[in-house]
Amino acid sequence: MDASLTARGDAAIHHPPREGLAALTLGAIGVVFGDIGTSPLYAMKEAFIGPHPLAVDRAHIFGVLSLIFWTLMVIVTIKYVMLAMRADNRGEGGSFALLSLLSRKLPERRWTGSLILLGVLATSLFYGDAIITPAISVLSAVEGLAVVEPGLEPLVLPVAIGILVGLFLFQVRGTAGVGIIFGPVVLIYFATLAVLGVANMIRHPEVIAALNPLWAVRFFALDPALAFLALGSVVLAVTGAEALYADMGHFGRRPISLAWLYIVFPCLVLNYMGQGALLLASPASVENPFFLMAPEWARLPLVALATMATVIASQAVISGAFSVTRQAIQLGYLPRLKILHTSATSLGQIYIPSVNWALLALVLLLVLGFQESTGLASAYGIAVTGTMFITTCMLGVLLFQVWRWNRWAAGTVTGLLLLIDGAYFASNLTKIPDGGWFPLLVAGAFFTVLTTWATGRRLMRERLEESALPLPIFIKSAAPSLHRVRGTSVFLSASADAIPSALLHNIKHNQVLHERVILLTVQVDEVPHVDEAQRLEVEGFGEGFYRVILHYGFMEPIDIPSDLASTRSCGAPFNMMSTSFFLGRQKFIPSRRPSMALWRERLFAWMMRSSESAMEFFKLPTNRVVELGSQMEI
């Protein structure tokens with residue numbers, strides 16, 4: 001049985017973080033800002049020596065710096081910190097949380113399906129981001145070895161691969177043991193960014209004038225085509241901005257906002273200004289301005305610190321991929337996968353082996369294929385800008401339809417953000433031949449998988465309902481004539497309105513019923529967490545029959561035995577040693593009925609066969625489960 005999806009309005013609550021503000025802020029610095037914090041390693045360099053090189057002169061340096069500053073200000077500070085982070089779904093953020101919020105708040109309309117597709121597409125692009133981030137971050141940091149000593153350049157690729165393999169091998173142990181050092185390490189890293197920036201700005205303090213947006217305007221006036229193309233590299237400065245929104249449920253809006261406004265943002269701006277000052281003094285430093293900002297004696301320690309920061313940034317995005325995958329499973333967009341909990345105290349720390357090894361394989365493929373961060377930078381921008389553009393579209397719907405802003409105000413804010421995000425996305429489209437095809441390919445593959453599974457499940461429910469028998473009719477006609485045996489039987493059902501096929505097959509083969517029959521449906525609500533008081537719905541039908549619905553949030557693990565054991569609404573308490581769980585396992589046969597394309601039906605059937613057993617996914621006792629199979633055309 002697959003977890004089905006429903007909306008329960010305000011019946012659910014969010015369990016906020018319990019740590020103090022200082023601890024949460026420090027934790028946010030370590031987890032949330034690792035990705036955007038490592039952007040100075042490559043953003044400025046790519047703007048000048050990327051696919052569309054710029055002259056390293058005063059006008060272009062000031063123009064790029066001005067664009068970077070105002071991009072950080074508008075996209076991160078205004079769009080995410082001031083706007084998106086107020087659009088929380090019971091304290092949780094991210095594409096799925098925003099999609100669930102809109103689906104719950106808006107009535108069914110013709111364009112609701114398009115909105116769902118946008119949310120799924122944003123999630124698909126996130127997977128592209130999750131693959132590219134570890135590759136470009138670690139590779140750009142290790143490339144500092146060639147700056148320290150040119151003779152070390154042959155070691156860059158092997159060292160980067162070794163670090164990445166070690167990182168993914170470590171995932172099975174969880175992040176609880178090293179999580180406490182993330183914040184302090186990244187805090188030291190940000191302090192280093194600021195110190196390096198200020199040290200170089202002292203030599204050319206006039207670089208501070210680049211904060212004036214007129215320099216960005218002059219850049220476009222000087223060379224409109226190159227300025228437009230440069231946007232594709234400038235946007236690398238905001239990679240990881242989505243993490244502010246996506247990780248809101250872990251740390252809360254206030255700690256993330258404080259960390260950004262008072263620590264991360266100032267340190268990033270100072271570092272970019274320092275890189276600009278260095279380029280004013282030494283245009284040849286454009287080869288790697290981040291590491292060349294440091295004095296020669298400090299470059300090797302800087303490589304080590306930057307590498308640690310990139311590993312932490314990669315860890316955060318890998319953990320995010322696990323979290324998003326679990327949400328997709330709970331919401332019905334992916335089949336059941338094996339999920340391991342790596343912490344006894346934090347439900348959010350999980351490990352999904354299949355996702356981990358798939359990410360490792362694709363990351364290594366990227367590193368070996370592109371071999372340097374410059375090539376990866378071309379692939380990076382499309383995933384980032386595509387996700388940001390979709391988020392803006394959904395925020396626009398939120399402003400107009402949910403928050404009911406004044407139409408002029410909502411139109412102005414949405415239009416401005418769409419113009420900015422659209423310009424960055426359009427600029428990155430020019431990089432498709434240089435590597436931008438990769439995240440589009442990944443997003444297309446994941447989008448196909450997500451939509452195929454969701455559509456296949458819908459068709460499966462429709463086929464089951466075609467032959468389903470209503471519960472009251474079944475009880476009245478069949479129950480009195482069957483032999484009853486001691487104990488409890490629990491039949492898992494995808495539909496809360498009909499008799500599950502496993503029950504019908506059990507009667508056909510065994511011709512008996514237990515004294516107590518539970519028809520159990522698991523429903524994952526469009527909220528992150530469900531209050532324990534709202535967990536269980538029970539309806540009695542007489543003759544020992546009960547309809548039970550267990551409600552879970554899409555951020556919560558499912559544990560059927562534990563939750564059934566706590567109920568006293570179905571007669572006698574549950575004793576697992578006298579309870580049998582009956583599961584229906586359908587074998588799907590692709591057909592030419594007008595539903596999905598034949599290749600998608602075959603893909604769905606393969607995904608169904610490959611999914612984790614419902615027994616393990618729902619934590620059912622192995623010695624109390626009976627599976628009854630059948631065949632079905634979709």
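Visitor: Which residue lies over the face of Trp-215?

Guide: A charge sits over a ring if NZ of Lys or CZ of Arg is within 6 Å of the ring centre and within 35 degrees of the ring normal. Here Arg-218 lies over the face of Trp-215, at 4.8 Å from the ring centre. Arg-516 is placed over the face of Phe-574, at 4.3 Å from the ring centre. The model is predicted, with local features needing pLDDT of at least 70 and side-chain atom pairs pLDDT 80 or more, while totals for chains, interfaces and linings use all residues. Residues are numbered from 1 along each chain as its sequence is written, and side-chain values use heavy atoms, without hydrogens and water.

Visitor: How many aromatic pairs does a search of the whole structure find?

Guide: A pair of aromatic rings is described by the distance of the centres and the angle of the planes. Rings of Phe, Tyr and Trp (its six-membered ring) pair if their centres lie within 6.5 Å; planes under 30 degrees apart are stacked, over 60 edge-to-face, and the rest tilted. The search finds 18 aromatic pairs. One of them, Phe-69 with Phe-265, is stacked, at 5.9 Å centre to centre and 20° between the planes.

Visitor: Are Phe-69 and Phe-265 buried or exposed?

Guide: Buried means under 20% relative accessible area, exposed over 50%, and partly exposed in between (1.4 Å probe, protein chains only). Phe-69 is buried at 12% relative accessibility, and Phe-265 is buried at 10%.

Visitor: Which residues join Phe-69 and Phe-265 in a cluster?

Guide: Ring pairs link Phe-69 and Phe-265 with Phe-33, Trp-70 and Trp-260.
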